[in-house]
Amino acid sequence: SVLVVRVELGDSLPTNSEEQLSASVFGNDLDPVNLSSQFKACSYGQLTFVKALDREGLVGDTIFDGVTTVSLPDVQTSSHHAFIRNRISDALNIAYNVTSPNELADHVMYCLPPGSMPAVAYGIVNSFITVYLNNWCTYVSAQ
């Protein structure tokens with residue numbers, strides 16, 4: 001399963017809505033070329049990515065259609081991306097009463113807003129997390 005996390009910071013908001021992110025990763029009959037469709041096609045159906053289960057959080061947070069939004073109003077884009085990444089994980093743990101975001105999905109994609117990191121995307125070796133700068137979360141070439 002995959003969870004897409006749309007991240008809002010105090011001084012920057014992401015370009016894409018939850019609906020747009022869900023379509024770019026899972027298709028939803030809106031985007032025919034997406035993460036899910038391409039892995040399924042390239043593996044001849046042996047590897048499929050499905051949406052994280054819909055879930056209600058403790059304080060009104062929701063996972064719907066494989067996507068949730070984390071708002072960090074006290075964090076700025078000038079913060080180091082590793083600090084931001086850790087704050088996102090902490091927020092998910094609190095919101096959904098888990099000890100690690102991989103309890104919510106096998107793979108978790110953090111979609112950061114513009115200006116929040118110098119790279120376009122990266123993955124952590126032997127981890128369930130990948131991190132993307134804004135629109136790169138929607139590009140199959142980076143997913």
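I count a salt bridge when a side-chain nitrogen of Lys or Arg lies within 4 Å of a carboxyl oxygen of Asp or Glu. I am working on a predicted model.

**Salt bridges**

By this rule I get three salt bridges.

I looked up Arg6 first. Arg6 pairs with Glu8, with the closest N and O atoms 2.8 Å apart. Arg6 is buried, at a relative accessible area of 13%.

Next I took Asp65. Its partner is Lys51, and their closest N and O atoms are 2.8 Å apart. Asp65 sits in the loop between β3 (62–63) and β4, and Lys51 in the loop between α2 (35–42) and β2 (55–56), so this pair ties together parts 14 residues apart in sequence. Asp65 is partly exposed at 26% relative accessibility. Lys51 is partly exposed too, at 29%.

Then I checked Asp74. Its side chain meets that of Arg87 at 3.2 Å, N to O. Asp74 is in the loop between β4 and α3 and Arg87 is in helix α3, so the pair ties together parts 13 residues apart in sequence. Asp74 is exposed, at 55% relative accessibility. Arg87 is partly exposed, at 25%.

**Largest pocket**

I read off a volume of about 160 Å³ for the largest pocket. Of its 14 lining residues, Val70, Ser71, Leu72, Ala91 and Leu92 are the closest to the centre. β4 (67–72) and α3 (81–96) are the elements that each give two or more residues to the lining. α3 gives the most, with seven. By class I find eight nonpolar, three polar and three charged lining residues.

**Surface patch**

I found a nonpolar surface patch of about 240 Å², made by Val120, Trp136 and Tyr139. Val120 is in the loop between β5 (107–112) and β6 (121–123). Val120 counts as partly exposed, at 38% relative accessibility.

Methods. Residues are numbered from 1 along each chain as its sequence is written. This is a predicted model: local features need pLDDT of at least 70, side-chain atom pairs count only at pLDDT 80 or more; totals for chains, interfaces and linings use all residues. Side-chain values use heavy atoms; hydrogens and water are left out. On a 1 Å grid over the protein atoms alone, a cavity is a set of points where a 1.4 Å probe fits but cannot get out, and a pocket is an open set with protein on both sides within 12 Å along at least five of seven lines; lining residues have an atom within 4 Å of a point. Grid points are joined across faces, edges and corners, and a volume is the space filled by probe spheres set on the points. Helices (H or I, at least four residues) and strands (E, at least two) are DSSP runs, numbered from the N terminus. Ala, Val, Leu, Ile, Met, Phe, Trp, Tyr, Cys and Pro count as nonpolar, Asp, Glu, Lys and Arg as charged, and the others, Gly among them, as polar. Patches are made of residues with over 30% relative accessible area and no salt bridge: like charges are joined within 9 Å, nonpolar side chains (Val, Leu, Ile, Met, Phe, Trp, Tyr) within 5 Å. Accessible areas come from the Shrake-Rupley method with a 1.4 Å probe; for residues, only the protein chains shown count as cover. Buried means under 20% relative accessible area, exposed over 50%, partly exposed in between (1.4 Å probe, protein chains only).
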